[in-house]
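Visitor: I have a model open and would like to learn how to read it. Where shall we begin?

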Amino acid sequence: MLFSWLFPKPRSCAWCGRPSPGGDFCTACRDQLQAWRQRYHPCHYCGRLLLLAKEVICRHCREELPPFRKARAVGPYHGIMKEMIWAFKYQGRRSLAAPLGRLLAGVVVRELGPVRPDLVLPVPLTGARLRARAFNQAGLLALSLGRELDLPVDGDVMARIRETAPQVNLTRRSRWRNLAGAFRVTAPAKITGRNLLLVDDVLTTGATAAACTIALMAAGAASVAVVTLATGIENLS
Ligand SMILES: [Zn+2]
Ligand SMILES: [Zn+2]
C-alpha cells in the first residue's frame, strides 16, 4: 500500500500501452486524435468536418437544417479513432469505454454549451442486433459520459423497432420522417420539457440522429444535442 503510494505504477496509454503520465492517452495518440484540427473544422450544425477556410455550414445543412440543436464529434471516422471504435465495438475491448467516455465529455463541455443536458440517452439498437453483439456500445459510452459529467443516463427511454434501410429518391426531410418510425419513445414522461443529449459511436449522414431527434421532439423533448466519437468528412474527394 505504502509502496504503491510512494512508487505509483506509471500510467499507460489506453490505446497503445506506452507510458502516458498526462492522462488516458500518450502524447503520440493524443496528437493523432487531434491532427484533424489542422485541416478541418466542424459544420456549425451537424458537426461533419469541412476543410478549414471553407464554409462554416456544410451543403447538407444549407439545404435543410437538422432537427437536433447541434452535433459534435471527437474526430473523423478515420485513422486512430476508426481503429479504436472497431476494437471497442467488434473486438469487445470494453476497457476503452471509460477513456472514450472522457473524450466525449470533453466535446460536450467545450462544444455543446451552453445548454446543460438534463438526461443522456444512447441511440438504441434493435433486439436482434443487441443479442448478436452482446452489448450496446452506445449504451456503454453514454454511461461513462454520464459518470464523467455527473448526468443521469437512461437507456430505456427509447426503443428501436426496426433496422433502417438506406432510402434513395427521397428528400432529406422525408427520409428522416420515414426513419423516425424506426424509433419509439417508450417513456415520454421522462423526457417532457427536457434538454437531451444523444450519444452514438459514429455519425455518418446524420440520418439516425435526426430520426431519433424527430421521435424525441414529437414525444415532448425541449431540445436534443448529439455527441459521437466519430463523424464524416465533407468533400473528401
Ligand atoms: Zn498511445
Ligand atoms: Zn452540416
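Guide: Begin where a helix stops. This is a predicted model. Aspartate 150 follows H7, and its phi is positive, near 55 degrees.

Visitor: Which residue takes a positive phi just after H9?

Guide: Glycine 220, at about 110 degrees.

Visitor: How do I check the length of H7 against its 13 residues?

Guide: Compare the expected span with the distance between the end C-alpha atoms. H7 covers residues 137–149 and should span 18 Å at 1.5 Å a residue. Its end C-alpha atoms are 18 Å apart, so the two agree. For H9, residues 207–218, the reach from first to last C-alpha is 16 Å, close to the 16 Å expected for 12 residues.

Visitor: Which residues of H7 are buried?

Guide: First, the general idea. An α-helix has 3.6 residues a turn, so residues three or four places apart point the same way. Now the case here. Buried in H7 are Gln137, Ala138, Leu140, Leu141, Ala142, Ser144, Leu145 and Gly146. Their cover includes H4, helix H5 (97–111), strand S4 (119–122) and S7.

Visitor: How many of the 12 residues of H9 are buried?

Guide: Count them: 9 of the 12, so H9 is largely enclosed by the rest of the structure. They run from Thr208 through Ala209, Ala210, Ala211, Cys212, Thr213, Ile214 and Ala215 to Leu216. Among their packing partners are helix H8 (172–180), strand S3 (70–76) and strand S7 (195–203). Across the protein, buried residues make up 37% of 237.

Visitor: Which residues touch the most other members of the largest nonpolar core?

Guide: Leu198 and Val199, in a core of 60 residues. H9 gives the most to this core, with 7 residues. Take valine 199 and leave out residues up to four places away in sequence. Its contacts then include Leu104, Val120, Leu121 and Val227.

Visitor: At what angle do the axes of H2 and H4 cross?

Guide: Roughly 105 degrees, with the axes coming within 7 Å. H2 and H4 are therefore roughly perpendicular to each other. Cys29, Gln32 and Leu33 of H2 meet Gly79, Ile80 and Met81 of H4. That contact has 4 nonpolar residues, 2 polar and no charged.

Visitor: What share of the contacts with a separation of 6 or more comes from residues 24 or more positions apart?

Guide: That share is 72%.

Technical notes
Residues numbered from 1 in each chain as written. Chains lettered and ligands numbered in written order. Predicted model: local features only at pLDDT ≥ 70, side-chain atom pairs only at ≥ 80, totals over all residues. Helix = DSSP H or I, 4+ residues; strand = E, 2+ residues; numbered from the N terminus. Expected span 1.5 Å × (residues − 1). Buried ≥ 20, exposed ≤ 12 C-beta atoms within 10 Å, placed from the backbone. Contact = placed C-beta atoms within 7 Å. Axes fitted to C-alpha atoms, helices over the stretch in contact; angles between N-to-C directions. Parallel < 35°, antiparallel > 145°, perpendicular 65-115°, else oblique. Nonpolar A, V, L, I, M, F, W, Y, C, P; charged D, E, K, R; others polar. Core = buried A, V, L, I, M, F, W, Y, C linked by C-beta atoms within 7 Å.
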